Amino acid sequence: MPTAVERFDDKARAAFDRIGRNEVYQGELQRHRVYTRFLHWMVAVFFFLSLFSGFGIYLPWLFRWFTPLFGGGPLSRALHPWFGVLFVFFFALQALNWLKPMSWTKADSAWMRRLRSTISGEEKLDPPDTGFFNAGQKVQFWEIVIGCVVYLITGIILWAGARTFGPIAVAFSYILHDISAIIMLGGIFIHMYLSTIGEPGTFQAMTRGAVSEAWAWTFHPAWYKEVTGRDPRRAYEEARQRMEAGRSK
Amino acid sequence: MSDRKTLQIKQISAHPGPIPGLGVQRDLEVCKLVDTTTCIGCKACEVACVEWNDMPFAETTFDNTYQTMPETRWNFWNLIKFNEHQREDGTIQWLMRKDQCMHCADPGCLRACPADGAIVQYANGIVDFNQENCIGCEFCVSGCPYNIPKFNKETKKVYKCTLCSDRVGQGLEPACIKACPTGCLKFGSKEDMKMIAESRAAQLREHFGYENAGVYDPQSIGGTHVIYVLHDATQPELYGGLPKNPQIPWSYTVWKWLFKPVLGAFSMLGLVGVLLHYVTVGPRRPQPEPPKKED
Ligand code: HEM
């Protein structure tokens, strides 16, 4: 079974590499290839389309002004489920693509226990056993996986409506649909922050697909070691000394 | 009441602002009284409803009873529900109940509706759908304790009985009332109809041996603007599934008016949190960082 998924992913990656470019400059490492980046931005686009078309239905007295963006109330309502289906579809492909690097490890549990010092900025360097994705990213990923399942089930019930599933199912689904959206939106704020201004140098991982080596040994040391074969802490130490030497000149 | 006035609106679905003109004039609450004990099941009201509202033809279903179809439809708002009920002593009773929108004082449809102005409640108690504002989400269907709003797949809008708000606004009685040959349908102020209904129920109890006769005006939804006289008010379910204690699902009451805004604000904490992090702790940069400029 996993081999079929892997074969599919490999084919897709190869096909997308032929369409798009991976630009990796000196002193950089390849992080996300074209296929991954394409899926990510499809997910992001359809997430926001679903979010904004859903806002007007979620709290109409506050968010009525979102509906004209989609051509009015009836059209927002008609489009929202399709945006959602496409969001779930692209995220499902992304989930297959990322299933392996997203599996939870002991290092992740340890990473979570140090969350406080990471947030407070005391820890400048992530622990040496932090791999391709850190525990925070994995939590976000699995939250979205669960969220997508909830969206899909409750969304279909809301879509077909009370005339198909009965009033109780609809009234109940709508609460779960809301909760899922609220949790995901809260997480996406954190995600957008960390991937842009919160951890500078991250955004290019999803645009050009490459990150600096310094970024890699700082935030994902175990991955750095895996791809370069060098020790991340030693690399950092050498870079620091080079910088000091440069300054004393 | 002048016989030419616009109906004053009391509640608007999903509407943020105040309601123009509310409380300026005194309005009588109207009510339709259905006396199930004198209904003969002639279905003149069904026809009158279809006629007045200019509905396209709705196919009927024959299921070996005197009922026109299983339930109301988007283009058939008024249905006589029929039940052949066997009493404990073995005798048979034909129960006929005119099923239509109940025009609840606390309308579940209006509470559930997320489209501004798609559902309004007039000060006289009539609950009306404005299809031009309807977004076709069908939440009203799940908010209604009586299974009344019906979706039209072609227009993607929901329809139901208007209590002939167009006629009532002009000082006329609803079409069904006008058509009723036995007088089992009456229309007037809620107060008057309640009084007539109660005295009829008392008559049934005292002179006709219906000990449980009573009036159906459920207080769990603040009462309704369609009330029934029933031979047995303790078992409204017998009359084509009239709920004894109709309820609006709590997802349209507590959840919608309290938890939605509160939890929505909660997700904004994510935004506030990261902004606070940025200005207090600051970003985490790839290491080593170039030293800060000293001055
Ligand atoms: C405009 C908003 C967004 C930006 C700027 C952004 C940026 C990024 C970047 C740079 C990465 C790579 C992180 C790394 O390589 O370590 C990433 C990963 C990811 N993105 Fe986004 N993204 C956005 C919106 C979204 C949305 C809406 C979703 C899903 C609902 C999403 C889901 C993910 C997931 C699951 C990952 C992998 C795990 C993680 O890094 O947390 N992203 N994103």
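A pocket is an open set of points on a 1 Å grid over the protein atoms alone, with protein on both sides within 12 Å along at least five of seven lines. Its lining residues have an atom within 4 Å of a point. A volume is the space filled by probe spheres set on the points, which are joined across faces, edges and corners. The model is predicted, so local features need pLDDT of at least 70 and side-chain atom pairs pLDDT 80 or more, while totals for chains, interfaces and linings use all residues. Residues are numbered from 1 along each chain as its sequence is written, chains are lettered from A and ligands numbered from 1 in the order in which they are written, and side-chain values use heavy atoms, with hydrogens and water left out.

Chain A comes first. It has 12 helices and 2 strands. Both are DSSP runs, numbered from the N terminus: helices are H or I with at least four residues, strands are E with at least two. The order along the sequence is α-β-α-α-α-α-α-α-α-α-β-α-α-α. The C-alpha trace of chain A spans about 75 × 40 × 35 Å along its principal axes. Of the 249 residues in chain A, 46% are buried. Buried means under 20% relative accessible area, exposed means over 50%, and partly exposed lies in between (1.4 Å probe, protein chains only).

The second largest pocket holds about 800 Å³ of space. Its lining counts 37 residues. A:Ser50, A:Gly54, A:His80, A:His177 and A:Ala181 lie nearest the centre. By class, 26 lining residues are nonpolar, 8 are polar and 3 are charged. Here Ala, Val, Leu, Ile, Met, Phe, Trp, Tyr, Cys and Pro count as nonpolar, Asp, Glu, Lys and Arg as charged, and the others, Gly among them, as polar. Several helices of chain A each supply at least two lining residues, including helix H2 (34-58), helix H4 (73-98) and helix H9 (167-198). Domain 1 (24-99) and domain 3 (135-198) of chain A both give residues to the lining, so the second largest pocket lies between them. The domain bounds come from an automatic or database domain assignment.

A metal site also involves chain A. A:His40 (NE2) and A:His191 (NE2) coordinate the iron atom of the ligand at 1.9 Å. The pair links distant parts of the chain, with A:His40 in helix H2 and A:His191 in helix H9, 151 residues apart. Donors are N, O and S atoms within 2.8 Å of the metal (3.2 Å for Na, K and Ca); water is not among the atoms, so sites may look incomplete. The iron site has 6 donor atoms, with angles of 87 to 179 degrees, and is octahedral. Six donors count as octahedral if opposite donors are over 155 degrees apart and all others between 65 and 115. A:His40 is buried because its relative accessibility is 15%. A:His191 has 29% and is therefore partly exposed.

Chain B shows several local backbone features. The peptide bond from B:Gln287 to B:Pro288 is cis, with omega near -5 degrees. B:Pro288 sits in the segment after H7 of chain B. B:Lys156 is not a glycine, yet its phi is positive, near 55 degrees. B:Lys156 lies in the loop between strand E7 (150-152) and strand E8 (157-159). With 49% relative accessibility, B:Lys156 is partly exposed. B:Leu163, also not a glycine, has a positive phi of about 55 degrees. The loop between E8 and helix H4 (165-168) of chain B holds B:Leu163. B:Leu163 is buried, at 1% relative accessible area.

Technical notes. On a 1 Å grid over the protein atoms alone, a cavity is a set of points where a 1.4 Å probe fits but cannot get out, and a pocket is an open set with protein on both sides within 12 Å along at least five of seven lines; lining residues have an atom within 4 Å of a point. Four donors count as tetrahedral if all angles lie between 85 and 135 degrees; four count as square planar and six as octahedral if opposite donors are over 155 degrees apart and all others between 65 and 115; anything else is irregular.
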